[in-house]
There are 2 protein chains.
Amino acid sequence: MERVPPQEIHQRLATFQTDLAAHGLDGVLLFQNVDIFYFSGTIQSSILFIPTQGDPTLMVQKGFQRVKEESPLKNIVAVNGKSHLSNTLQDFGVRGVKHLGLELDVLPAQLYVWLAETFPQCRFVDVSVSIRRRRMVKSAYETDQIRKAAAILHQGYMEIQGFIKEGVSELEIDGRLAFIARREGHMGILRMRGWNQEMTHAHVLSGDSGSVVSFLNSPHGGSGNTPAMAQGASFRRIRKNEPVGIDYGVGINGYLADQFRTFVIGDLPPQLAKAHQCSREIHDLFAQEAKPGVPCAHLYAMAKEFASQAGLDDYFMGHGEGQVRFIGHGLGLEIDEFPLIAPNFEGALAQNMVIAYEPKFVFPGQGVVGMEDDYLVTPTGVERLTLTEQELIKLKP
Amino acid sequence: MERVPPQEIHQRLATFQTDLAAHGLDGVLLFQNVDIFYFSGTIQSSILFIPTQGDPTLMVQKGFQRVKEESPLKNIVAVNGKSHLSNTLQDFGVRGVKHLGLELDVLPAQLYVWLAETFPQCRFVDVSVSIRRRRMVKSAYETDQIRKAAAILHQGYMEIQGFIKEGVSELEIDGRLAFIARREGHMGILRMRGWNQEMTHAHVLSGDSGSVVSFLNSPHGGSGNTPAMAQGASFRRIRKNEPVGIDYGVGINGYLADQFRTFVIGDLPPQLAKAHQCSREIHDLFAQEAKPGVPCAHLYAMAKEFASQAGLDDYFMGHGEGQVRFIGHGLGLEIDEFPLIAPNFEGALAQNMVIAYEPKFVFPGQGVVGMEDDYLVTPTGVERLTLTEQELIKLKP
């Protein structure tokens, strides 16, 4: 099993500690799996204290032996129950801390209330945004994991072409994609940070399914086969001459790749074919314009303007109440990472960001078309990490 | 698509309102998908206000049309942004509320802090335990959904026997189980309430994989194929004469079934065969003793005593730091529902609870054996809902 290289962890901690100092914090206490994994290399049940200066302490509730094998941190201690935890926290530096960072976007209220009672001297500050901004820029190790995940997606898009036939259900295609992903080493889940956001590993959306709005913060949701999940594949069967949009995600060593391709048995209706071509052209435009220093909001505006010129405003990134106001998002340990390629995201592209860029068009009653690809920001532009040809995938009836 | 029958929702609300009155609350504000689904029939992006008396209001942030189709509630209003939300909350009854219930175990701290600032007159009380206690007892509709999910698990356990062969990887078997589940209509995720608890849809654990401890609150974790997920199937290949433990979950209309069976190509080592037989006998004992009124802690103690008499104490429900202190759990919209069949769970079985009962034994370096089945508590005993024969499943080499 591949572990996170120790120098990755040490580098991440060092740069994050400079952020903490800049924000006037004495340290942070991290509780969430993903953030703990990023700074320690393990997701075993634990809490991580990172002081602004000095060595962090990982307090382990379950999986102690495994933590010792997986994490390069020096201070790893077993804790048992809440009173032991509070004593340990005191021992390892929270005593006397006045400004403590917490992940207020994900930390459960119950834990927050407990911390407020246990450390009455502390003022709590949200550090989620700092962590997420730090995680935007990837190391070569991180990008390599995304490349591996992207290779599995490509394999899936190739293999699945043999199974997309008239009369086959969306759910059967979804299941085959799940099989391919796991067989090739997909870690089994896709993580999303947003509150109440839940995801199936793929969206297989044929015809009108592609235009069904869902709670998910995505241009397409799909009906799913129950209001209890309300997204993704259903028992609807594939037909000729309609778009079959497939959004597909895979995770390798925590890192996600995220892609979308449109398939059709036969031909798309002319307006949808035009919109698919427009998605391709927006990708080309992005590949020309995107480079370090370009504001994310500008990249969004450019794409929206292009779609508008093509007369596709009403279908751009969803339709009606399903329309979303972004065209891309960062990608890493979570699928909804920074930066957002969105009108109200402050910031510009920087070298070694990874972006999932997804110009899509949704036609009510007809479906979703477009393409999503993952790009690495290089010193002078972007490099595409996803491997599948940027074309509508036409299948013989 | 099947919707939640309106009378289910009305009945749930009515009984929950009697709980709220008994606790002296003026109402509750629910934010989490699962709780909102239970009381409204939809998981579209929304917030649900249930006053102790009168009609609830569902405030919808995304998916308004879908909510109107899915939910039988009368007051459904669209809200847009936080200030609109706070005004709407004021309009629909939170104004003047003094004691407001919240889901403090899952609500993010950020939202909690916002609520505290927005409604300074309110005292907040945790209602998670009340909701979870209320959800313990299932209606006939809910039990039917679990039966449907259990039928898919059985189909999976039958089909997978054709694929478990020497040299096949755990991940390939896991992938085939994913394919079968989705093809048959599995909703695509399994929900777990516990903080930081994450689950793959199945655990396929062969030989020593079955004894690898993980952060998951389960007797088995497995190595997984990365520290970033750290549970479930890996690239390890199946061998002869070792246990292949398969934990498998499926969800239908939100409701989960959860089962475990042990497979072997050839024969188990004698001590593991004995432990598997002991799991079978503990199931028989449960089927004889379990009925309304029997304390959950007694059922745990009885099983533990039986395992102890068989000399299997050290391996019962995990080994070493992986040992967990429960032998069963409630099952419904979440996989970690009440009641717990555990020494420190207060309460007894009641009619129409559904319990996943999982006597398992973990042998370091050798693996996990046992069986898990789902039971409905009837007026006089329990009825098994899972369909697969209660036997070790022996396959020809």
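**Figure 1. A loop residue of chain B, B:Asn196, in the predicted model.** In this predicted model, B:Asn196 sits in the loop that runs between helix 8 and strand 7 (202–206) of chain B. Look at its backbone: phi is positive, about 65°, although B:Asn196 is not a glycine. Is B:Asn196 buried or partly exposed? Count the other C-beta atoms within 10 Å and you reach 19, so B:Asn196 is partly exposed. A residue needs 20 or more such atoms to be called buried.

**Figure 2. Another positive phi in chain B, at B:Ala230.** Here the view moves to the loop between strand 7 and strand 8 (243–252) of chain B, where B:Ala230 lies. B:Ala230 is a residue other than glycine, yet its phi is positive, near 60°. What about its surroundings? B:Ala230 has 27 C-beta neighbours inside 10 Å, so it counts as buried.

Figure 3. Which residues of chain A does a cis peptide bond join? They are A:Phe338 and A:Pro339, and omega is about -5°. A:Pro339 belongs to strand 11 (residues 337–341) of chain A. Now turn to chain B, where the peptide bond from B:Phe338 to B:Pro339 is cis, with omega near -5°. B:Pro339 is part of strand 11 (residues 337–341) of chain B.

**Figure 4. Chain A meets chain B.** How many residues does each chain bring to the contact? Chain A gives 63 residues and chain B gives 63 residues. On the side of chain B that touches chain A, at least two residues come from each of helix 2 (33–40), helix 3 (64–70), helix 5 (109–118) and helix 8 (170–184) of chain B. Helix 8 of chain B supplies the largest share of this side, with nine residues. Sorted by class, the residues on the side of chain B that touches chain A are 27 nonpolar, 22 polar and 14 charged. For the complex, the predictor reports an ipTM of 0.96 and a pTM of 0.97.

**Figure 5. Where the two domains of chain A touch.** Chain A is split into domain 1 (6–134) and domain 2 (137–395). The C-alpha centres of domain 1 and domain 2 of chain A are 34 Å apart. Where the domains meet, seven residues of domain 1 of chain A are in contact with nine residues of domain 2 of chain A. Helix 2 (33–40) and helix 6 (128–135) of chain A each supply at least two residues of the domain 1 side. Helix 2 of chain A gives the most to that side, three residues. The domain 1 side has four nonpolar, no polar and three charged residues.

Figure 6. Chain A holds 10 helices and 17 strands. Its C-alpha trace spans about 70 × 40 × 35 Å along the principal axes. How does the radius of gyration of chain A compare with that of a compact globule? A compact globule of 397 residues would have a radius of gyration near 21 Å, and chain A has 22 Å, which agrees. Of the 397 residues in chain A, 55% are buried. Among the contacts in chain A with a separation of 6 or more, 68% link residues 24 or more positions apart. The mean pLDDT of chain A is 96, and 99% of its residues reach 70 or more.

Notes:
Residues are numbered from 1 along each chain as its sequence is written. Chains are lettered from A and ligands numbered from 1 in the order in which they are written. This is a predicted model: local features need pLDDT of at least 70, side-chain atom pairs count only at pLDDT 80 or more; totals for chains, interfaces and linings use all residues. Helices (H or I, at least four residues) and strands (E, at least two) are DSSP runs, numbered from the N terminus. Ala, Val, Leu, Ile, Met, Phe, Trp, Tyr, Cys and Pro count as nonpolar, Asp, Glu, Lys and Arg as charged, and the others, Gly among them, as polar. The radius of gyration is taken over C-alpha atoms; the globule rule is 2.2 Å times the number of residues to the power 0.38. A residue is buried if 20 or more other C-beta atoms lie within 10 Å of its own, exposed if 12 or fewer, and partly exposed in between; C-beta atoms are placed from the backbone. pLDDT is the predictor's confidence in each residue, from 0 to 100. Domain bounds come from an automatic or database domain assignment.
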